[in-house]
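Q: Could you take me through one part of this predicted model in detail? I'd like a close look at the sheet, and then at the charged pairs.

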Amino acid sequence: MAFALQSSGNFYSTQHKWLHSTRGQSFYGSSHSNAKECTCKKSKGPAPICVKATSTKVELDFNDPSWKQKFQENWDKRFDLPRITDIYDLKPRATTFSLKKNRNSAGDENGTPMDKWNGYVNNDDRALLKVIKYASPNSAGAECIDPDCSWVEQWVHRAGPRKEIYYEPEEVKAAIVTCGGLCPGLNDVIRQIVFTLETYGVKNIVGIPFGYRGFFEKGLKEMPLSRHLVENINLAGGSYLGVSRGGAKTSEIVDSIQARRIDMLFVLGGNGTHAGANAIHEECRKRKLKVSVVAVPKTIDNDILLMDKTFGFDTAVEEAQRAINSAYIEARSAYHGIGLVKLMGRSSGFIAMHASLSSGQVDVCLIPEVPFTLDGEYGVLRHLEHLLETKGFCVVCVAEAAGQDLLQKSGATDASGNVIFSDIGVHMQQKIKMHFKDIGVPADVKYIDPTYMVRACRANASDAILCTVLGQNAVHGAFAGFSGITSCICNTHYAYLPITEVITAPKRVNPNSRMWHRCLTSTGQPDFH
C-alpha cells in the first residue's frame, strides 16, 4: 500500500477518512478533533496512514520491509536545520564561548584538565522526540505511523554551544524583537540573550521597539542593550522592548535589517511571529544575506507544535488558579453560587485544562477541542442544576475559544490576522442567569475574566528557568550558523527545530489524551453533547 509522506502531523483512518493528528493527538474520526482531510492513494492491504509534510514527498508502502528506513530518511531531511553555510562557503572558527575562566589551572573539581573540559554539544547530538511505544492505535493518546503502531525513532537536533562558530563576535550586530501580545518571561529571555551574546564577545546589541513595527515605523529607534541595562528587567512583567501585532511586508523588514547591518535577529513570539520569522529567514536567503534568524517560542496558550511547552504557560496557569480560587470562594459563600471563569486560549484549551486540573476546584471545564451544548437534557445548564441540587454551588472554567459555534461570528480580525472571538464568558453568564430564572431556582452567578492579568505578570520560577535556557540556546544556535530555527524544549530536552515544522497548524488538546481524561476525572463532568 502506497501513500504520500509530506509533513509533521500523523494521519490515519479507521473508516476511510484521513485525519490530521499533531503531537499528542489521535482522533480516529472524532468530531472533537482539529482534523484536516487529506488524500492518500488507495491500495490493497491494511489501511494506510497519510502523513502530511512541508518538505519532500515520499512514497511509502507499509508492505515494503524498508518503509521505516524511508520514513526516517525523510524525517531527517525535514528536521535538518537550515544553515548560513547553505548559501555561503564559510569556514568555522573556534568558539569564543567558554566557561573555563571559572576553573582554576589545576582543572575542575573532578580533576579534569581545563583543555579537556567537555562543555560543548556535538553537531551530531540528537534528542528523541517521542518515547512512548504504543501497542495499539486504540491506546489513549496513541500516535501511530503505521496500522501496527510500529516503533520508529524520531530524532531532533540537540541545542547548546558548539566548539566551532561562524561569526566573528566583535563584528556582530545582534537585534532582539518581541512580537504579538504580552507574556510572562519576555524580559527573562531578552536578558539571557544579552548576557550570552556578551559572553561570546558581542558588543553591538540592540532592541527593536514594539515588535516588527520597530523596523519601519518612523520615530522608533533602536534601543542599545547591555548587561548593565538589562540586569534587573526580569523583576518586572511586560516587555522591556514593547510589543505590537502585525507589521510591514517581509521585504520592507529585510530592507531595514540590511540597512541596519544586522547579523543576528532573535524573534520572540507565537505561531504568527514564527511564521513572520521564517518569512524573514527565507527573504534573507533569497538575497544571500549572512543573517541568522532564530525564534524563541512565546505564548501562554502553549499551542506551538512538537514542543513540551512554551515560555509563559506555567505562569499563566498559576495566575489563572488565583482567579479560579476567587470564583470558588465567591460560589461557596453564596446561596446557589456559580463561579464562572473565562481563561485565554485562542486555538487550544491548555490553560483551562491545566488550571482546572491543578486547582481541583472546577466542576466543569470547557475547551474549544470538545464541543458542548448549553441547553437540552445533556447540556451544561442541566448539569449545573444537578450540581446546585447536590452540593449547593459550582465552579465553571471556560476557554475563550470554546463554544464559538453557539455564538454569532463577528468576522473581525486583529492586526495579526487572528479572528476576534465573540465573548463566550459573557454569553454563558447571561444564559445561566436566564435559565435559572426561567425554572424558578435562585442562582448567584459571579463572573471573573482575568484575561490580561495572567499575561502581564512576572515569570514564575519554572518559566524563569525555561526562559533562561531558551534564550541562551537561541544565541548558541545563531553562532553555530543556524537560521530559520526555533529554540525549544521537546520531551524534556532542549532542542532546535526548523520553524517550518512548527507553524503548519496550532497544537491543540487531544480529547483522547490521558491529560484530558485526568481533567475529566477531576471535574467529574459528563459529556455535554
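A: Strand 18 covers residues 485–490 and runs parallel to strand 13, residues 292–297, with two bridges joining them. Stepping back, these two strands belong to an open sheet of nine strands with mixed pairing, in the order 6-7-19-18-13-12-9-10-11. At its edges stand strand 6 (126–128) and strand 11 (223–224); each has a single partner strand, so one side of each is left without a neighbour in the sheet.

K130 and E143 form a salt bridge through their side chains, at 3.3 Å from N to O. Both residues lie in the loop between strand 6 and strand 7 (155–158), so the pair ties together parts that are 13 residues apart in sequence. K130 and E143 are both buried.

A second salt bridge, between E231 and R191, comes in at 3.9 Å, N to O. This one links distant parts of the chain, 40 residues apart: R191 sits in helix 2 (residues 186–200), and E231 in the loop between helix 3 (227–230) and helix 4 (250–260). R191 is buried at 17% relative accessible area, while E231 is partly exposed at 31%.

E283 and R287 make another such pair, with their closest N and O atoms 2.9 Å apart. Here E283 is buried, at 15%, and R287 is partly exposed, at 25%.

Salt bridges also link K173, E222 and R260 in a network. Over the whole structure, the search finds 21 salt bridges.

Note on methods
Residues are numbered from 1 along each chain as its sequence is written. This is a predicted model: local features need pLDDT of at least 70, side-chain atom pairs count only at pLDDT 80 or more; totals for chains, interfaces and linings use all residues. Side-chain values use heavy atoms; hydrogens and water are left out. Two strands pair if DSSP finds at least two bridges between them. Helices (H or I, at least four residues) and strands (E, at least two) are DSSP runs, numbered from the N terminus. A salt bridge is a side-chain nitrogen of Lys or Arg within 4 Å of a carboxyl oxygen of Asp or Glu. Buried means under 20% relative accessible area, exposed over 50%, partly exposed in between (1.4 Å probe, protein chains only).
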